[in-house]
Amino acid sequence: AGDALGDLLGGGDSLGTSGGGMVGVLGASSGSEAAVGTSGTGNLLDILDVPLTAAVPGDAQLALQPVPVLDAGTFQQRWGALPASPGCVAGPRTVSLGRHTAAQLHAPQPLMTHLAARGFATMASGGAPPAMKFYFYAQAADGGGLFLAEAVVNPAACSAAVTVKTDAAPDRAAVAEAMLVATLASFAA
């Protein structure tokens, strides 16, 4: 994956940072269900078909930077050095995307925009259906974690093979992974 990242970042179809929009928040207490979205009033994620609950372990809570900042060299260096998150230790995790993914994902931009609105910026993207590759990143708002992800998306199958790597504690890594999975699942739902 490190060589593929180097190839993609060195001459990929789309490079850059994107971000902004609503910040994702996921939290739980003692193994209960957690809310996905922002807490308080004006939760725009409620109207964007993002699942409102996800099971997460422990007392973890995570808010993401609305516009994370990371350069390509640092991303590549960290990707090669960081361990996989708990759900990706055995290899990429298969994630289902919305049932209209094949109709809506002919170019990278729609998925990049969808993730950016939830705090996941795109470092690079490339390829074409049936194998579109994306590298995303997010940062904890409190500085408690950097989250890097590779997603190989097959629009026709409405699925993605996702690997998440992080320097965060395992409970926060699991929360970030759940946030990414929920965001991908809500694309083109």
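Helix 5 has 17 residues and spans 24 Å from its first C-alpha to its last, close to the 24 Å expected at 1.5 Å a residue. That expected span is 1.5 Å times one less than the number of residues. Helices here are DSSP runs of H or I with at least four residues, strands are runs of E with at least two, and both are numbered from the N terminus.

The model is predicted: local features need pLDDT of at least 70, side-chain atom pairs count only at pLDDT 80 or more, and totals for chains, interfaces and linings use all residues. Residues are numbered from 1 along each chain as its sequence is written, and side-chain values use heavy atoms, leaving out hydrogens and water.

Stay with helix 5. It is mostly covered, with 14 of its 17 residues buried. Buried means under 20% relative accessible area, exposed means over 50%, and partly exposed lies in between (1.4 Å probe, protein chains only).

Look at R172, which lies in helix 5 (residues 170–186). R172 has 15% relative accessibility, so it counts as buried. What does R172 touch, leaving aside residues up to four places away in sequence? Its contacts are Q61, L62, A140, D142, G144, G145 and F147. A contact means heavy atoms within 4.5 Å. Take G145: R172 and G145 are 27 residues apart in sequence, yet 7.8 Å apart in space, C-alpha to C-alpha.

Now move to S186, also placed in helix 5. Its relative accessible area is 5%, so S186 is buried. The side chain of S186 makes a polar contact with the side chain of H114, at 2.9 Å. A polar contact is a pair of N or O atoms within 3.5 Å; within protein, one must be able to donate a hydrogen and the other to accept it, and residues adjacent in sequence count only if both atoms are side-chain atoms. Just after helix 5, A188 takes a positive phi of about 55°.

Next come the strands. Strand 7 (residues 121–128) has 6 of its 8 residues buried, so the rest of the structure largely encloses it. Strand 7 and strand 8 form a hairpin with 2 residues between them. The two run antiparallel, joined by 7 bridges. Strands pair if DSSP finds at least two bridges between them.

Finally, the cysteines. C88 is buried, at 3% relative accessible area. C158 is buried too, at 15% relative accessibility. How many disulfides does the whole structure hold? The search finds 0. A disulfide is counted when two cysteine sulfur atoms lie within 2.5 Å.
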